Amino acid sequence: MDELLNLARQEQLAVQWADLEGGLGRYILEQRLILLDRSLRFDRALCRAVLAHEIGHHMTRQYADDPSRWEAAARAWALRYLIPDSAARAAWRRAVEEVAEQHGVPHAWAAARLLEVIM
Ligand SMILES: [Zn+2]
């Protein structure tokens with residue numbers, strides 16, 4: 001949470017708790033303000049995800065005129081920020097190695113099978 005709050009501060013964004021009716025977070029571009037719903041205080045992982053998503057809106061504000069593209073860009077930014085490519089690749093490698101070892105198959109087969117179930 002701290003690194004996200006530091007990033008918000010660096011970007012000169014204010015972050016405040018609020019009672020949001022509908023939605024868990026909101027980014028108000030004109031005010032450089034992020035609102036987080038108070039219910040998030042009890043769910044650290046969801047709070048990090050929502051805050052990263054709202055910072056993602058700020059980082060991808062060039063798409064503000066196209067709401068669906070802006071949502072997708074903010075979500076992609078947040079995912080890549082919270083789970084860097086290197087971490088995602090390492091987790092994938094561990095999963096492939098584990099399945100290959102458990103089932104006595106080559107890594108390529110384990111990877112192919114894992115892809116089959118997630119696609
Ligand atoms: Zn959004």
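In this predicted model, the axes of helix H4 (residues 85-103) and helix H5 (residues 107-118) come within 8 Å and cross at roughly 110°. That angle falls in the range from 65 to 115 degrees, and H4 and H5 are therefore roughly perpendicular to each other. The handedness of the H4 and H5 crossing is right-handed. On the H4 side, the contact is formed by Ala95, Val96, Glu97, Val99, Ala100 and His103, and these residues meet His107, Ala110, Ala111, Arg113 and Leu114 of H5.

The protein chain is divided into domain 1, covering 2-82, and domain 2, covering 86-118. Between the C-alpha centres of domain 1 and domain 2 there is a separation of 33 Å.

Two packed helices are described by the angle between their axes and the distance between the axes. For H2 and H3, the angle is about 120° and the axes are 7 Å apart. An angle of about 120° makes H2 oblique to H3. The crossing of H2 and H3 is right-handed. Arg48, Ala49, Ala52, His53, Gly56, His57 and Met59 are the H2 residues at this contact, where they meet Trp70, Ala74, Arg75, Trp77, Ala78, Tyr81 and Leu82 of H3.

H1 and H2 make another pair, with axes that come within 10 Å and cross at roughly 20°. Angles under 35 degrees count as roughly parallel, so this description applies to H1 and H2. Their crossing is left-handed. Leu4, Leu7 and Ala8 of H1 make the contact with Arg48, Leu51, Ala52 and Ile55 of H2.

The largest nonpolar core has ten residues, namely Leu4, Tyr27, Ile34, Leu35, Val50, Leu51, Ala52, Ile55, Ala74 and Ala78. At least two residues of this core are supplied by each of strand S3 (33-37), helix H2 (44-59) and helix H3 (67-82). H2 provides the largest share, four residues. One of the core residues, valine 50, is in contact with Leu24, Gly25, Leu36 and Leu40 once neighbours within four places in sequence are left aside.

Alanine 49 is found in helix H2. Because it has 19 C-beta neighbours inside 10 Å, alanine 49 counts as partly exposed, where 20 or more would be needed for a buried residue. Beyond residues up to four places away in sequence, alanine 49 touches Ala78 and Leu82. Alanine 49 and alanine 73 are 24 residues apart along the chain, and their C-alpha atoms are separated by 14 Å. Tyrosine 81, for its part, has its place in helix H3 and is partly exposed, with 17 other C-beta atoms within 10 Å. From the C-alpha atom of tyrosine 81 to that of glutamate 30, 51 residues apart along the chain, the separation is 23 Å.

Aspartate 37 lies in strand S3. Its 19 C-beta neighbours inside 10 Å are the reason why aspartate 37 counts as partly exposed. When residues up to four places away in sequence are not counted, aspartate 37 touches Ala18, Leu20, Leu24 and Gly25.

Most residues other than glycine have a negative phi, and most peptide bonds are trans. Glutamine 12 has a positive phi of about 60° although it is not a glycine. Glutamine 12 sits in the loop between helix H1 (2-10) and strand S1 (14-18). With 8 C-beta neighbours inside 10 Å, glutamine 12 counts as exposed, because the limit for that class is 12 or fewer. Arginine 32 also has a positive phi, near 50°, in a residue other than glycine. The loop holding arginine 32 runs between strand S2 (25-28) and S3. Arginine 32 has 13 other C-beta atoms within 10 Å and is therefore partly exposed.

Technical notes
Residues numbered from 1 in each chain as written. Predicted model: local features only at pLDDT ≥ 70, side-chain atom pairs only at ≥ 80, totals over all residues. Core = buried A, V, L, I, M, F, W, Y, C linked by C-beta atoms within 7 Å. Contact = placed C-beta atoms within 7 Å. Domains from an automatic or database assignment. Axes fitted to C-alpha atoms, helices over the stretch in contact; angles between N-to-C directions. Parallel < 35°, antiparallel > 145°, perpendicular 65-115°, else oblique. Left-handed = near helix turned anticlockwise from the far one by under 90°.
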